[in-house]
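Thanks for coming. I will go through one structure, part by part, and you can follow along on the screen.

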Amino acid sequence: MAYLAFYRTFRPATFDEVVRQEHIVRILKNQIETDKVGHAYLFCGPRGTGKTTLAKIFARAINCENPENGSPCGKCAVCKALAEGGSLDISEIDAASNNGVDEMRDLREKVQYPPVAGKYKVYIIDEVHMLTASAFNAVLKTLEEPPRHAVFILATTEPQKIPATILSRCMRFDFKLIPQSDLEELIKSVFIKTGKQFEESAVSAIARAGAGSARDSLSIADMCASYSQGKLTYDDVNAVLGSTEYAKIADICGAILKEDASSALNFTEEILSTGKSVGVLVKDMLSFLNNCTIVKVCRTAREIVNLPDETYKKIEETARSADAHKLLRVTEVLAKAETDLRYSLNGRITLETAVLKCAVPQTDYNIDALIGRINALEQKIAEGVKMQINSAPPPASIRSQNQQTPEYAVNNGVSAKPERKTAPPPRPVLSEDVGDGFESPFKPSVAQNQPLNIAPANSPAEEVQPTLWENGGDSKLSKISVLREEDKGKIFGRFIRALRETHKNAVLFTLCMDLDHAFEGDKFILITDSETVFKGLQRETNAKFIGGLLAEFGVMNYEVRLKAKGENDYDKAMRELRQNFGGADIEEK
């Protein structure tokens, strides 16, 4: 007997052997058991999901003399006759080659004849969407009111091409793609039955390549079994599929995510020079980036990806070096390149252009590229702020306060801390000054993605990003040496805005949002009625940061006070009036 492919040898013969599609199997079995068989069915869904297989099982089951649990018994005379394939009671018609009106007229005449051995005469019309409009019209009346012994089963992958008049006359069943876990179990069972040894990772790779289709998965498994004489390995599957080595794919994607255009193009040329297909290379890169995204986002990534340990480590290393937004943008660019390859005369140029676009976001004016560049800049600024805060010693007043037991004097029901009498440490000296006496941290090298050079006086230059308030911007308070009266009303608003834009600690920003504020001479007072907020602002790191930030606005002395619990809004207003108009005689009525 001639060799049969896996998908033919292991085609299900009963409903219980069908992989997934439980919702369809249950309906068909119940109809057989209750003898409520319809006259027209439409099986639609992706290729390789079991449409024709279920149609054949259903055709045999409704003609079986002794169905078992809704499935054909395979033992009676009718089942044996139908299994041989020469029965006149089941007719399979390929609509792709019999799509004319004459063939449908012939079908309309033959349907009048009764079945030979069974109870029903079943017509399975595959790829029914290929019929012409005239052919559909020819079979329309017969499909609506066929003889009692006739059953039509229409199968298609494109139900949207079928006229609504046909769809309304059929019971429609939508087949779903088969999950990877079920495909893996199917492939394992086939390998076990054939005596083929295999690795778990190899089976997973075959199931992924099958993309939800049982027939595609079994066809790939058939090729892999013939390729490997011994135990089937993950590398064997990659060789059969023509996939590139995972290490080389990791090198390309890693260089792209690090924005190293030169290395990315070199790796691409190296792989293509070996004869690899451009389309396969793009597909492999998209698969790698998809795995990186899963590792970046999902907690159970190890179980979802299901790759060998060495391969998984490479994916994990690449995922750590990029943020999710960059992964998404690179994936979208390569996905568009995969579509463009279908219409491109030179696929190599299309791929290299996409790689260059991914690795050099400065040349891409797409909104996603701009967002990615902004995220990178914000990250550098945050690192610069952190380095400056950690390297600068705290003011003497703060050091003395932190070394003492927090005991606060109470004046008029308001607790107070000792005044700060020492100025904060000098700010770093920027490497270049431009315009209006403002120091600008932005050098021409920023346009070429070069690090900013900010060096403290008498110290080696370090690659440290400046804080946003050092940029000057539209604020005239950023370099004030002497605080003026007209500037005092703007201090708190500038302080909150700078805190929101520069400090990555959202907790500190939240603590400061609802503070009351006032000036006592040149001392800036931050007032809160929450003891928790008060203690939070007294922490060394928070106090150091607030002091440095206020110094930028010319406030060299500040204090955080805890408002007395008994103070109401009226008392607060009167206190503020006395502070603002200390020399005036205020009479309460």
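Is Asn-375 buried, exposed or partly exposed? Its relative accessibility is 29%. Buried would need a value under 20%, and exposed a value over 50%, so Asn-375 counts as partly exposed. Keep in mind that this is a predicted model. Asn-375 sits in helix α19, which covers residues 367-391. Along the sequence, Asn-375 and His-325 are 50 residues apart. In space, their C-alpha atoms are 8.9 Å apart.

Next, the open sheet. In what order do its five strands come? The order is β2-β3-β4-β1-β5, and the pairing is parallel. β2, residues 90-94, and β5, residues 171-174, are at the edges. Each of these two has a single partner strand, so one side of each has no neighbour in the sheet. From one strand to the next, the twist averages 15°.

Strand β3 is residues 121-126, and five bridges pair it with β2 in the parallel sense. If you want to find one of them on the screen, look for Ile-93, whose bridge partner in β3 is Ile-125.

Helix α2, residues 22-33, lies across β1 (40-44) and β5. It runs at about 145° to β5. Helix α3, residues 51-63, lies across β1, β2, β3 and β4, where β4 is residues 150-156. The angle of α3 to β3 is about 175°.

Just after α9 comes Ala-211, which takes a positive phi of about 55°.

A general point before the pairs. Two packed helices are described by the angle between their axes and the distance between the axes.

The pair of α9 and α10 goes like this. Their axes come within 8 Å and cross at roughly 135°. That angle makes α9 oblique to α10. The crossing is right-handed. On the α9 side, the residues in contact are Ile-206, Ala-207, Ala-209 and Gly-210. On the α10 side, they are Asp-216, Ser-217, Ile-220, Ala-221 and Cys-224. By type, the residues of this contact are six nonpolar, two polar and one charged.

The second pair is α10 and α11. Here the axes come within 10 Å and cross at roughly 115°. That makes α10 roughly perpendicular to α11. The crossing of α10 and α11 is right-handed. From α10, Ile-220, Met-223, Cys-224 and Tyr-227 take part. They meet Asp-236, Val-237, Ala-239, Val-240 and Leu-241 of α11. The residues of this contact divide into eight nonpolar, no polar and one charged.

Staying with α11, which of its residues are buried? They are Tyr-234, Asp-236, Val-237 and Asn-238. Just after α11, Gly-242 has a positive phi of about 75°.

Six of its six residues are buried, so β11 is largely enclosed by the rest of the structure. Both of its faces are covered. Lys-523, Ile-525 and Ile-527 are buried on one side, and Phe-524, Leu-526 and Thr-528 on the other.

What pairs with β11? Strand β10, residues 516-520, is joined to it by five bridges and runs antiparallel to it. In that pairing, Ala-518 has Ile-525 of β11 as its bridge partner. β10 and β11 form a hairpin with two residues between the strands, and in this hairpin Gly-521 takes a positive phi near 70°. Strand β12, residues 558-562, is also joined to β11 by five bridges, and these two strands run parallel. There, Leu-526 stands opposite Val-560 of β12.

That is the end of my part.

Notes. Residues numbered from 1 in each chain as written. Predicted model: local features only at pLDDT ≥ 70, side-chain atom pairs only at ≥ 80, totals over all residues. Heavy atoms only, no water. Helix = DSSP H or I, 4+ residues; strand = E, 2+ residues; numbered from the N terminus. Buried < 20%, exposed > 50% of the residue type's maximum accessible area, 1.4 Å probe, protein only. Pairing = 2+ DSSP bridges. Axes fitted to C-alpha atoms, helices over the stretch in contact; angles between N-to-C directions. Contact = heavy atoms within 4.5 Å. Parallel < 35°, antiparallel > 145°, perpendicular 65-115°, else oblique. Left-handed = near helix turned anticlockwise from the far one by under 90°. Nonpolar A, V, L, I, M, F, W, Y, C, P; charged D, E, K, R; others polar.
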